[in-house]
There are 2 protein chains.
Amino acid sequence: MRELEISNQDLSDLADDALSLARSYWTSLEDRPTYPSTSAKQTTELFSRPWPEDGRGRDVFQDFNLITEHVRPSTGRFFGYVVGSGEPVGALGELLAAVLNQNVTSWRSAPAATSIERAVIGWLAQAVGCARFTGSLCGGGSTANLMALAMAREAKLPANETGARPGVIYASEQVHMSIPKAVALLGIGRKNLRLIPVDEQLRMRTDALEAAIAEDRKSGNTPIAIVATVGAVATGAIDPLMDIEEIARREALWLHVDGAYGGLAALAVPEKFQGLALADSLSLDAHKWLYQPLDCGCLLYRDQSIAHAAFSHSGDYVKIFSQDPEEAFAFFEESIELSRRFRALKLWMSLQYHGRRAFRDAIARDLHHAQMLAEMISSHAEMELLAPVPLSAVCFRHRSKDNQAILRRVIARGRVYLSNATINGQFALRACFVNHRTTTDDVRAIVSEVIAAADELNR
Amino acid sequence: MRELEISNQDLSDLADDALSLARSYWTSLEDRPTYPSTSAKQTTELFSRPWPEDGRGRDVFQDFNLITEHVRPSTGRFFGYVVGSGEPVGALGELLAAVLNQNVTSWRSAPAATSIERAVIGWLAQAVGCARFTGSLCGGGSTANLMALAMAREAKLPANETGARPGVIYASEQVHMSIPKAVALLGIGRKNLRLIPVDEQLRMRTDALEAAIAEDRKSGNTPIAIVATVGAVATGAIDPLMDIEEIARREALWLHVDGAYGGLAALAVPEKFQGLALADSLSLDAHKWLYQPLDCGCLLYRDQSIAHAAFSHSGDYVKIFSQDPEEAFAFFEESIELSRRFRALKLWMSLQYHGRRAFRDAIARDLHHAQMLAEMISSHAEMELLAPVPLSAVCFRHRSKDNQAILRRVIARGRVYLSNATINGQFALRACFVNHRTTTDDVRAIVSEVIAAADELNR
């Protein structure tokens with residue numbers, strides 16, 4: 001037998017092993033603590049070993065159980081950050097994608113995968129009311145935001161050929177860290193990112209935005225883009241899209257909307273996302289509020305020719321001879337990656353398996369859970385809501401205890417997982433609902449766990 | 001039952017369906033044509049459908065068979081581009097990674113996954129003789145090269161805060177298209193990328209490199225980095241690393257080595273890669289010459305602090321409180337992505353399952369297959385080798401026929417798949433061996449298929 005070759009029987013046995021591990025894990029999920037009791041010393045020791053010269057064979061799959069003791073599982077009681085729940089049909093789709101091993105660079109390289117990706121991009125675009133947008137899948141919001149600002153730069157102050165000039169970009173103080181990171185990478189310089197103050201609902205203040213643009217124009221700077229956020233990561237704040245769009249149009253600026261956290265909620269509450277279709281580009285994350293396994297980001301945009309201007313640098317060896325524009329279609333002419341995996345298959349499987357209504361209803365339930373928690377916090381004498389709850393992130397605090405200490409204890413107790421945010425300079429506990437496994441009991445557990453943790457501090 | 005929830009029994013049945021589809025596909029692989037007879041019109045029609053309001057349930061998995069009729073399968077007879085073979089243990093690893101759904105942003109978010117990624121990064125670094133390097137996995141060579149040049153820029157002509165200034169980057173004429181793309185994205189400007197002529201073996205000419213640097217210094221330009229390629233994508237040419245490194249050191253330039261295609265061959269033929277450990281950064285692609293399913297790129301580097309300088313822009317909501325430096329470790333402080341999937345698990349599974357020797361031997365066999373083809377071409381009266389074969393890419397032509405027409409016919413015949421390259425202005429047929437499924441019969445089929453296609457042109 002040739003090296004690396006596996007007999008059909010061995011592969012079949014191995015696949016049974018893998019599947020049985022997957023099944024046990026799924027079945028045990030809700031019994032697992034939300035955070036493992038482990039240390040970096042322990043995990044480093046457990047998993048530091050040399051690559052063995054001789055193969056370990058089937059035994060290696062037994063490592064899986066050890067691994068599961070040291071992961072943060074996607075239970076319904078995990079409320080930290082913005083972490084989707086890893087829908088299992090999507091996970092099976094990932095297996096099939098890896099089996100097919102398509103390199104989705106272009107139609108020619110991966111015919112079915114390219115057509116399927118374009119179909120699901122259409123579904124996502126339509127789901128958020130941007131039916132005429134096109135785009136592609138990518139690793140996540142950071143890459144989507146980077147691509148969007150690369151397009152903005154190339155549209156307004158072309159840099160690909162001659163290098164970046166200092167154009168100015170505007171975003172709210174609540175903008176995600178991937179935006180300053182993208183501005184830096186693109187050679188625009190973080191000092192040319194203006195962080196616009198927010199109103200009491202943590203939305204970008206359009207009067208301050210207008211003033212900042214006017215000030216830059218007066219100083220001879222060149223505004224190029226506004227980043228509006230629909231679903232600020234800390235609080236879910238939705239910037240006033242219609243007003244911002246009007247300013248962008250008047251000032252001839254690129255309007256990028258970062259919807260990595262919140263955008264897909266337009267499926268359930270479109271009224272909160274009016275103006276989305278007026279954006280030039282829009283980031284979404286299907287591994288967040290479409291519950292898909294990582295990774296599955298998405299950038300949608302209105303003008304394909306600008307994506308080409310930003311990303312088309314084809315080498316000779318990938319030149320496509322076809323006369324048919326569809327058969328000459330290449331994702332690498334419109335995005336950052338060249339080699340690309342078949343991310344669309346899990347969406348194809350999961351979104352059709354469950355149907356659109358189920359996703360809409362699951363998002364609506366997350367929104368409901370957030371309101372439910374907000375009400376429980378507001379009506380609790382010892383707790384205080386720290387920000388409005390327009391989507392599914394709830395920021396709050398215990399009135400009389402050290403909230404950092406509470407957070408550490410809540411996590412250590414392992415029943416629910418919360419993360420944190422800073423709201424008006426105050427340390428906030430934060431719960432975010434983007435998880436189809438969460439029950440109303442799980443929501444109630446947030447309050448009882450915080451109170452239990454606070455009680456522990458008294459001892 | 002809640003929306004999106006699946007009973008254990010239904011999920012178990014569904015998993016059986018998925019596994020049975022995977023098994024049939026693997027078993028049928030070598031009987032499949034290397035290229036499907038399909039058109040963009042056909043695949044668009046087949047896969048254009050709306051996202052249904054009601055779920056299709058288990059039926060959706062039956063789409064898989066339709067999909068397999070319209071893919072380019074990873075058979076042992078696929079020799080186009082640089083496409084790995086999708087090792088099945090790795091594919092099962094991808095299933096388990098999707099089941100765990102870890103967000104590998106940092107140790108805190110994904111303890112086991114972070115430790116495992118750092119372990120396999122160590123394996124890869126050691127395998128190519130760069131044991132003291134650290135780094136991270138990413139989507140592929142394009143992202144790895146982009147990150148490397150972002151580090152080079154930040155090390156030599158810092159731009160994150162104030163914006164890019166025109167630094168000059170040097171690479172061979174044979175450089176991969178991802179390098180000009182990265183130079184453009186980073187705001188350096190493609191006009192500041194110097195493409196250095198190559199010698200008769202298509203390696204960068206160091207005399208021309210030195211002259212270009214001197215010329216730039218004289219003109220007041222600021223050289224910042226040299227990109228050496230180990231395994232040019234067309235021919236596998238390996239730039240003279242030791243000489244280039246000496247120049248980089250003397251001129252205080254960043255040395256990035258693009259080993260996306262060739263670097264991992266250092267496992268089998270380290271003598272061809274002397275000087276690799278002298279690089280500042282090195283791109284590798286485990287989805288190429290480690291046979292893994294897409295995606296699995298890797299960037300290794302020597303100085304972690306420069307990765308931090310280039311990529312650290314943390315938001316408040318991901319601040320890590322731990323005092324333990326290992327527990328405070330975050331990939332997002334050293335790379336482009338924030339959300340990151342558990343790419344390392346497939347490497348953990350596949351590399352240990354087979355052991356290091358099997359991978360080394362499989363790479364050696366690919367190298368042997370390339371030499372075998374080169375000899376068959378050289379000794380064939382009607383064919384001509386167009387470039388030396390230092391690794392596993394073979395560029396050749398038919399002496400008397402239209403080689404573009406031959407390529408189209410070879411692909412249509414469906415027995416082997418070749419791609420193309422341009423060598424000294426001449427259209428070349430190109431076969432590349434990075435596939436553990438290839439047999440010596442498959443190698444022989446390349447010659448017989450090209451001759452058969454040429455014969456068809458006579459009719």
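**Close-up views of a predicted two-chain model**

**Figure 1. Polar contacts and residue classes between chain A and chain B.** Between chain A and chain B, 74 residue pairs are in polar contact, both residues being at pLDDT 80 or more (a pair of N or O atoms within 3.5 Å; within protein, one must be able to donate a hydrogen and the other to accept it, and residues adjacent in sequence count only if both atoms are side-chain atoms). With 15 residues, helix α1 (residues 8-28) of chain A gives the most to the side of chain A that touches chain B; helices (H or I, at least four residues) and strands (E, at least two) are DSSP runs, numbered from the N terminus. That side of chain A has 74 nonpolar, 46 polar and 37 charged residues, where Ala, Val, Leu, Ile, Met, Phe, Trp, Tyr, Cys and Pro count as nonpolar, Asp, Glu, Lys and Arg as charged, and the others, Gly among them, as polar. The model is predicted: local features need pLDDT of at least 70, side-chain atom pairs count only at pLDDT 80 or more, and totals for chains, interfaces and linings use all residues. Residues are numbered from 1 along each chain as its sequence is written, chains are lettered from A and ligands numbered from 1 in the order in which they are written, and side-chain values use heavy atoms, with hydrogens and water left out.

Figure 2. In contact (heavy atoms within 4.5 Å) are 157 residues of chain A and 156 residues of chain B. The buried area is about 14,300 Å², and carbon and sulfur atoms give 61% of it; this is the accessible area (1.4 Å probe) that two parts lose on being put together, summed over both. The interface holds 16 salt bridges (a side-chain nitrogen of Lys or Arg within 4 Å of a carboxyl oxygen of Asp or Glu). One of these joins A:Arg357 to B:Glu53, at 3.8 Å from N to O.

**Figure 3. The seven-stranded sheet of chain B.** The strand order in this open, mixed sheet is β1-β7-β6-β5-β4-β2-β3; strands pair if DSSP finds at least two bridges between them. β1 (134-138) and β3 (193-196) of chain B are at the edges with a single partner strand each, so one side of each has no neighbour in the sheet. The twist averages 20 degrees from one strand to the next. β1(B) runs antiparallel to β7 (residues 297-301) of chain B, joined by five bridges, and B:Gly135 stands opposite B:Leu300. Helix α9 (residues 241-251) of chain B lies across β4 (222-229) and β5 (254-259), at about 165 degrees to β4(B); axes are lines fitted to C-alpha atoms, for helices over the stretch in contact, and angles run from 0 to 180 degrees between N-to-C directions.

**Figure 4. The four-stranded sheet of chain B.** This open sheet is antiparallel, in the order β8-β9-β11-β10. Its edge strands are β8 (383-385) and β10 (419-423) of chain B. The average twist between one strand and the next is 40 degrees. Three bridges pair β8(B) with β9 (residues 393-398) of chain B, and B:Glu384 has B:Arg397 as its bridge partner. Helix α15 (residues 440-458) of chain B lies across β8, β9 and β11 (426-432), at about 25 degrees to β9(B).

Figure 5. The bond from A:Leu294 to A:Asp295 is cis, with omega near -5 degrees. A:Asp295 lies in the loop between α10 (286-289) and β7 (297-301) of chain A. In chain B, the bond from B:Leu294 to B:Asp295 is cis with omega near -10 degrees.
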